[in-house]
Amino acid sequence: MTVAAEPRDIDTQELLVAIGGVGPAPTRTVVAYGFWIFLLSDIIMFSGLFAAYAVLSGNTAGGPTGRELFDLRTLFIETACLLFSSYTCGLAALSGEHQRSDRFYVFAALTFVLGAAFMFIEISEFVHMVGKGAGPSRSAFLSAFFTLVGMHGAHVSTGLLWLIYMAAQVLAKGLSPVVLRRFLCFSLFWHALDIIWVGVFTMVYLMGVD
Amino acid sequence: MDGDDRIFHERSPGVEHQESRADFLSYTAGLGLAVLLTIGSVVVAQTDLLWPPGIPVGLVVLAFAQIGVHLVFFLHLGTGTDNTNNIIALAFGLLIVFLVITGSCWIMVNLNDNMMAMPGR
């Protein structure tokens with residue numbers, strides 16, 4: 001057979017990459033790698049906040065402790081919302097790859113609703129705590145708590161805005177390879193936020209009520 | 001001709017013909033494991049199932065297991081050839097995270113231990 005047509009040439013090159021030959025990696029792999037580096041730097045920034053929390057969590061200055069403030073029931077609902085939104089985000093990415101735009105919109109909408117529910121619970125928890133006089137200025141423990149959990153919440157809020165933007169791109173441009181690569185980055189971001197939440201959930205809440 | 005065409009399209013991880021390794025089953029298995037581990041860590045924290053002084057260690061182990069589940073099933077970090085760089089980057093990131101957290105705790109505990117007693121306390 002002859003491998004002369006233009007699209008065929010690209011495939012041949014990528015076949016070589018797949019079997020360990022020479023040639024540049026597919027754009028998708030390169031984009032995911034670059035975004036992965038960004039996510040790791042973001043996780044390193046969070047590690048600073050985790051370290052600050054670990055150091056300061058005992059310094060309650062006579063104020064309320066985690067045991068008095070945290071409610072495991074709402075925390076569990078919050079965690080479930082974020083976990084299921086990660087799942088629906090993965091299914092949205094999958095539907096996109098299979099060019100099923102109807103399913104993509106359904107799963108993207110579910111992801112948004114679950115993420116928004118998470119933010120709603122978190123913000124109402126913050127408002128409740130500030131109302132009880134347990135705001136970020138009460139003690140070093142609460143400063144570290146609001147910084148760490150608030151930074152995670154700020155990331156989730158940014159992710160929600162990004163998700164709206166992605167849905168608008170799919171609406172305007174369709175599920176083209178470029179849009180799918182952007183959505184791949186979004187889904188990596190969203191899954192990474194869930195990983196950070198596992199750390200917050202364990203270190204701040206579960207160990208805080210013990 | 002047709003046979004060759006199919007081989008090219010099924011094997012190449014190309015931009016347009018991406019044969020996705022991520023499938024529905026992988027996400028569902030990941031969700032199931034993550035839910036189990038989350039419930040497990042709540043149970044460990046709330047009951048005396050574990051020897052009480054060992055609870056923090058148990059929670060950390062469960063958290064690391066869940067992070068592993070997320071990395072493999074949701075972020076699809078595997079042993080594939082195009083994943084080598086991602087794994088190396090992750091290992092470096094984990095090293096920095098470990099240094100920042102344990103280093104900070106080590107230094108601050110040491111400072112607290114060597115702090116002179118405050119007058120009036």
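**Figure 1. Crossing of helices H2 and H7 of chain A in the predicted model.** In this predicted model, H2(A) and H7(A) pass one another in a right-handed crossing. Their axes come within 10 Å and cross at roughly 20 degrees, an angle under 35 degrees, so H2(A) counts as roughly parallel to H7(A). On the side of H2(A), the residues that meet H7(A) are A:Thr27, A:Arg28, A:Val31, A:Ala32, A:Phe35, A:Trp36, A:Leu39, A:Ile43, A:Phe46, A:Phe50 and A:Tyr53. Their partners in H7(A) are A:Arg181, A:Leu184, A:Cys185, A:Leu188, A:Phe189, A:Ala192, A:Ile196, A:Gly199, A:Met203 and A:Val204. Sorted by class, the residues of this contact comprise 17 nonpolar, 2 polar and 2 charged.

**Figure 2. Crossing of helices H4 and H5 of chain A.** The axes of H4(A), which covers residues 72-97, and of H5(A) come within 8 Å and cross at roughly 160 degrees. Because this angle is over 145 degrees, H4(A) is described as roughly antiparallel to H5(A). The crossing in which H4(A) passes H5(A) is left-handed, and the residues that form the contact divide into 15 nonpolar, 7 polar and 4 charged.

**Figure 3. The loop between H4 and H5 of chain A, at A:Gln99.** A:Gln99 belongs to the loop that lies between H4 and H5 of chain A. Its phi is positive, at about 60 degrees, although A:Gln99 is not a glycine. With 11 other C-beta atoms within 10 Å, A:Gln99 falls under the limit of 12 or fewer and therefore counts as exposed.

Figure 4. The buried residues of H5(A) are A:Phe104, A:Phe107, A:Ala108, A:Thr111, A:Leu114, A:Gly115, A:Phe118 and A:Glu122, and what covers them includes H4 and H6 of chain A. A:Ser124 is also placed in helix H5 of chain A, but this residue counts as exposed because it has 11 C-beta neighbours inside 10 Å. Between A:Ser124 and A:Ala25 there are 99 residues of separation in sequence and 46 Å in space, taken from C-alpha to C-alpha. Just after H5(A), A:Gly133 adopts a positive phi of about 80 degrees.

**Figure 5. Helix H6 of chain A and the helices against which it packs.** H6(A) covers residues 140-173, and its 34 residues should span 50 Å at 1.5 Å a residue; the end C-alpha atoms are 48 Å apart, which agrees. The buried residues of H6(A) are A:Phe141, A:Leu142, A:Ala144, A:Phe145, A:Leu148, A:His152, A:Val156, A:Gly159, A:Leu163, A:Met166 and A:Val170. These buried residues pack against three helices of chain A, namely H2 (27-56), H5 (101-131) and H7 (177-209). Just after H6(A) comes A:Gly174, whose phi is positive, at about 80 degrees.

Figure 6. Chain A contains 7 helices and 0 strands, and from the N terminus on its elements run α-α-α-α-α-α-α. Of the 210 residues of chain A, 37% count as buried. Among the contacts in chain A with a separation of 6 or more, 78% are made by residues 24 or more positions apart.

Figure 7. Chain B has 4 helices and 0 strands, arranged along the sequence in the pattern α-α-α-α. Buried residues account for 21% of the 121 residues in chain B, and of the contacts in chain B between residues at least 6 apart in sequence, 46% join residues at least 24 apart. B:His76 is located in the loop between helix H3 (55-74) and helix H4 (84-114) of chain B. The phi of B:His76 is near 55 degrees, which is a positive value in a residue other than glycine. B:His76 counts as buried because 21 other C-beta atoms lie within 10 Å, where the cut-off is 20 or more.

Technical notes:
Residues are numbered from 1 along each chain as its sequence is written. Chains are lettered from A and ligands numbered from 1 in the order in which they are written. This is a predicted model: local features need pLDDT of at least 70, side-chain atom pairs count only at pLDDT 80 or more; totals for chains, interfaces and linings use all residues. Helices (H or I, at least four residues) and strands (E, at least two) are DSSP runs, numbered from the N terminus. The expected span of a helix is 1.5 Å times one less than its number of residues. Two residues are in contact if their C-beta atoms, placed from the backbone, lie within 7 Å. Axes are lines fitted to C-alpha atoms, for helices over the stretch in contact, and angles run from 0 to 180 degrees between N-to-C directions. Angles under 35 degrees count as roughly parallel, over 145 as roughly antiparallel, 65 to 115 as roughly perpendicular and the rest as oblique. A crossing is left-handed if the near helix is turned anticlockwise from the far one by less than a right angle, and right-handed if clockwise. Ala, Val, Leu, Ile, Met, Phe, Trp, Tyr, Cys and Pro count as nonpolar, Asp, Glu, Lys and Arg as charged, and the others, Gly among them, as polar.
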